[in-house]
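Me: Hi! I have a new model open and would like to talk it through with you. Could you take a look?

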Amino acid sequence: MASLAKQLFSNPGDEPSVMAAWESFLEGGERPSEALRALVDSSWQRCQQAQVDPRARSGPQPVSEQDLYLLRERQRELLEASAPVMACARDFLCETGTLMALADAQCTILTTEGDIPAIGSAETIRLVPGVAWSEALCGTNAIGTALAVGQPVQIHSAEHFCEGIKRWTCSATVVRHPLDGEIIGVLDVSGLSQTYNRQTLALVVTTASRIENRLAMSEMERRYRLLDHAVGRLAVAGQDGVVLFDRRGCPIKANEHAPQAIAAVGGEIDLAGARRLPELAAAKLARGHARTALPAWIKPEWLEPLVVKGEPLGTLLVVPSGRGRVAPLRSAAAEAPGTTGPGPARDPFDSLVTGDPTLLDVIAKARQLARSSAPVLLQGETGVGKEEFARGIHGTSAGPYVALNCGGLSRELLASELFGYADGAFTGARKGGMTGKIEAAHGGTLFLDEIGEMPPDMQPHLLRVLEQGEIYRLGENTPRRVKFRLIAATHRDLRKEIAEGRFRMDLYYRIAVTSLRIPPLRERQGDMARLAAHFLNRFRSEQGLAPGTIDEDALQALQGYAWPGNVRELRNVIEGALLMSDGAALTRDALPRELLESIDSRPATAGVCSMAEGEEALIRRAISACDGNLTLAARQLRIAKSTLYVKMQRYGLSREEARR
């Protein structure tokens, strides 16, 4: 520990002996080993080899304003991530006699903040934006030396190589990209010698870590948008090998055919280690650069830059398999008894009853996702039909469909259900152990409902299974290989859960390669009446009855209800009402009392029944009847609240005007 501290920190008390060692070094004499840190000694030798002028009084001339502007544009991501941190520097470095400087990976200072007098003093040695403070130009200094050694350094007074900056003390550390560790900048705090403080280095390291954390958040957000944009391409790749690279050229997703297809053309990509290929950086490819510098086995026509709203987010590499496309999977159940050839596969989404354009669009996306093995996150309120979508996405795929609800189970029970356990793992364990749901889903689909309810301490274990493809049963030390398609569902806002520390960000991005939002019943135009009729005739058929109808009063009551339980609640209401009804028509009297009381307790809307007749007047009456409550008015009008806002804007209505 002491030797590490000696390497990192300088000692102001050693300044005369360090100065004597510097003079001896310039004259070619011996340097007392106890007077000079090895870090500084090595740096001085590099400076001598680079022929740095030891009598230099300052840094070199800054670049032009135009070149500095272009440099900052190229480093916009680093500057945006550091902006809040640098803004704080103005406050906590005020009256300390020090300044904070952020430099790029070539040691060129991009921006400075801090004590105004210190910034003024720094101008005398050109410690200003646009000046490169590398060791080869300015000798030993915290910025250049930190970049040279790739670790935090503190350089004090006489330890500087150039005579003109020996009155200064500085502490710096490199800023690394959070995903691949590449050095992308240097953060420095400098001041005159009398401002020396060993704690300054800790401040620099902590501040650099904050910048890296902000970069990580931004990068994960970009990756999420990239995956959401590219999932359709991955789904229809057939037997071609497909690899998705992020904007920096790091592979982040590959289909199961990628390793074999790449090997067949003599290529090699480290998919497990996610080693970066700078030649595939999205910005370069989008501008047409770097195509001549591609690895020999990659053909330019195999690459597709993925640009979303003008921003290059990544690159798709499609390596042809040479064996054509895979025919769509067919369910064995699709063949009629006695036939010898394949019949048309049944669409697993045919059982969903809807005419709503929004839900039909969600179903179309789900059909597309069913052709891939990418994880899917289903989002929607309780009762909207998330499991029906999960079964539809699994569809006619080979392998089992295994479902588990993560809510309502104790931590211990959920762990045993999910991972299984070995014989004798705990008191009461089943003899011979038990296969968990993950293992049971091998080769098929695992549906985890209400994944937002999973305890935080269990989430890393699930993440490891998804990343490593192996599980350990409780009480076992031998891993078991598993391969399955994950579909997760939740009614919670997982981004909010992440912000509040209840859900892991890395797990979220692993399960939400793509996501589907299933709209609630109240937002589905015309679906309430359509579903009510469907459930009524289904239940009548199960009881051996002829098709029936729903009378007008009952239908209006059903349409006036908000359906917080969505389709599940509607199904239960219709089934219960049928049991209480005598004739072929389902009447209002057969509906549950609590449903009718809920409708009666709401303000009437003075004849509001459809959006077709006098839309503006109808909206006015609804908002007035609901006393300006737009949420309630939207429910009474049976439209989404966002739709109500659009229509109010179209007619120039405000909440106050509509209430008059």
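Predicted model: local features only at pLDDT ≥ 70, side-chain atom pairs only at ≥ 80, totals over all residues.

**Walking through the model**

Me: Which sheet order goes with the antiparallel pairing?

Reply: The order is 2-1-5-4-3, in an open sheet of five strands. Its edge strands are strand 2 (109-114) and strand 3, each pairing on one side only. On average, neighbouring strands of this sheet are turned by 20° against each other, direction ignored.

Me: How many bridges join strand 1 to strand 5?

Reply: Seven, and the two strands run antiparallel. Within that pairing, Ala103 stands opposite Val186 in strand 5. Strand 1 is also joined to strand 2 by five bridges, again antiparallel, and there Leu99 has Gly114 of strand 2 as its bridge partner.

Me: And what about strand 4 with strand 5, how many bridges there?

Reply: Nine bridges, in the antiparallel sense. Cys170 stands opposite Ser190 in strand 5. The hairpin of strand 4 and strand 5 has six residues between the strands, and Gly181 takes a positive phi near 75° in that hairpin.

Me: Let's switch to the packing. Which residues have the most contacts inside the largest nonpolar core?

Reply: Trp44, Ile109, Leu127, Trp133, Ile143, Phe161 and Val186, in a core of 39 residues. The elements giving two or more residues to this core are helix 2, helix 3, strand 1 (98-104), helix 6 (116-122), helix 8 (142-149), strand 3 (153-156), strand 4 (168-176) and strand 5 (183-192). Apart from it lies another core, of 34 residues, among them Leu414, Met454, Phe484 and Leu494.

Me: What does Trp133 touch?

Reply: Leaving out residues up to four places away in sequence, the contacts of Trp133 include Gly59, Cys107, Ile109, Arg126, Cys138, Asn141, Ile143 and Ile165. As general background, nonpolar side chains tend to be buried together in soluble globular proteins.

Me: Is Cys162 buried or exposed?

Reply: Buried, because its relative accessible area of 4% falls under the 20% cut-off. Cys250 is buried too, with a relative accessible area of 3%.

Me: OK, a charged one now. Where is Arg37?

Reply: Arg37 sits in the loop between helix 2 (15-26) and helix 3 (38-49). Arg37 is buried, with a relative accessible area of 4%. Its side chain makes a polar contact with the side chain of Glu159, at 2.8 Å.

Me: Backbone next. What is the phi of Gln51?

Reply: Positive, about 60°, although Gln51 is not a glycine. Gln51 is found in the loop between helix 3 and helix 4 (65-74). Its relative accessibility is 73%, so Gln51 counts as exposed.

Me: And Glu450, what is its phi?

Reply: Also positive, about 50°, and Glu450 is not a glycine either. You will find Glu450 in the loop between strand 14 (445-449) and helix 16 (459-468). At 11% relative accessibility, Glu450 counts as buried.

Me: Last bit, the overall numbers. How many helices and strands are in the protein?

Reply: There are 26 helices and 20 strands. The protein has 660 residues, of which 47% count as buried. Among contacts between residues at least 6 apart in sequence, 65% join residues at least 24 apart.

Note on methods
Residues numbered from 1 in each chain as written. Heavy atoms only, no water. Helix = DSSP H or I, 4+ residues; strand = E, 2+ residues; numbered from the N terminus. Buried < 20%, exposed > 50% of the residue type's maximum accessible area, 1.4 Å probe, protein only. Polar contact = N/O pair within 3.5 Å; in protein donor to acceptor, adjacent residues only side chain to side chain. Core = buried A, V, L, I, M, F, W, Y, C linked by side-chain atoms within 4.5 Å. Contact = heavy atoms within 4.5 Å. Pairing = 2+ DSSP bridges. Axes fitted to C-alpha atoms, helices over the stretch in contact; angles between N-to-C directions.
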